[in-house]
Amino acid sequence: MITASDSFYTYDLGKYYTILPSIPNFKLDDYLNHFKAKKVEEGFYYNSGTNEDWETVDSLRSLIKEHVDANFEV
């Protein structure tokens, strides 16, 4: 969940979002370049209630096979 107040420190990494500290202890530009991160719009929020992308049973099974156990069977 990302609240609107988190938007000030939230970056879109493509497949994921990251909320960075307000005062990072690393070079922010290096981080942003490395991950090709893009700042989200002020007021952006994300939660399950507004999410339009849902996993299905079949997609979860595929993810288990791909990332956890290639021999996974139902």
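I shall go through the confidence, the sheet, the nonpolar core, the aromatic pairs and a few loop residues.

This is a predicted model, in which local features need pLDDT of at least 70 and side-chain atom pairs count only at pLDDT 80 or more, while totals for chains, interfaces and linings use all residues. Residues are numbered from 1 along each chain as its sequence is written, and side-chain values use heavy atoms, with hydrogens and water left out.

Let me begin with confidence. pLDDT is the predictor's confidence in each residue, on a scale from 0 to 100. The protein averages 94, and 100% of the residues score at least 70. Confidence is lowest in α2, with a mean of 94, and highest in β1, at 98.

Helices (H or I, at least four residues) and strands (E, at least two) are DSSP runs, numbered from the N terminus. Two strands pair if DSSP finds at least two bridges between them. Here, three strands form an open, antiparallel sheet in the order β2-β1-β3. Its edge strands are β2, residues 17–19, and β3, residues 38–39, each pairing on one side only. Strand β1, residues 10–12, is joined to β3 by two bridges, and these strands run antiparallel. In general, strands of a sheet pair through backbone hydrogen bonds, either parallel or antiparallel.

Which residue in β3 stands opposite Y11? That residue is K39. The charged end of K39 also sits over the ring of Y11, 5.6 Å from its centre. The criterion for a charge over a ring is NZ of Lys or CZ of Arg within 6 Å of the ring centre and within 35 degrees of the ring normal.

I turn to the interior. Buried means under 20% relative accessible area, exposed over 50%, and partly exposed in between, with a 1.4 Å probe and protein chains only. A nonpolar core is a set of buried Ala, Val, Leu, Ile, Met, Phe, Trp, Tyr and Cys residues joined through side-chain atoms within 4.5 Å. The largest such core has five residues: Y11, L20, Y31, L32 and A37. In soluble globular proteins, nonpolar side chains tend to be buried together.

Contact means heavy atoms within 4.5 Å. Not counting residues up to four places away in sequence, A37 touches Y11, D12, L13 and L32.

Next, the aromatic rings. Rings of Phe, Tyr and Trp (its six-membered ring) pair if their centres lie within 6.5 Å; planes under 30 degrees apart count as stacked, over 60 as edge-to-face and the rest as tilted. By this rule the count is four aromatic pairs. One of them is Y17 with Y46, a tilted pair at 5.9 Å centre to centre and 45° between the planes. This pair links distant parts of the chain, with Y17 in strand β2 and Y46 in the loop between β3 and α2 (57–67), 29 residues apart. Y17 is partly exposed at 35% relative accessibility, and Y46 is partly exposed at 33%. Another tilted pair is Y31 with F35, at 4.7 Å centre to centre and 45° between the planes. Both Y31 and F35 lie in helix α1, four residues apart, about one turn of the helix. Y31 is buried at 19%, whereas F35 is partly exposed at 39%.

F26 lies in the loop between β2 and α1 (28–35) and is partly exposed, at 33%. Beyond its neighbours within four places in sequence, F26 is in contact with L20, P21 and Y31. K36, in the loop between α1 and β3, has a phi near 50°, a positive value in a residue other than glycine. K36 is exposed, with a relative accessible area of 64%. G43 lies in the loop between β3 and α2. The C-alpha atoms of G43 and F8 are separated by 7.9 Å, although these residues are 35 apart along the chain. Leaving aside neighbours within four places in sequence, G43 is in contact with A4 and S7.
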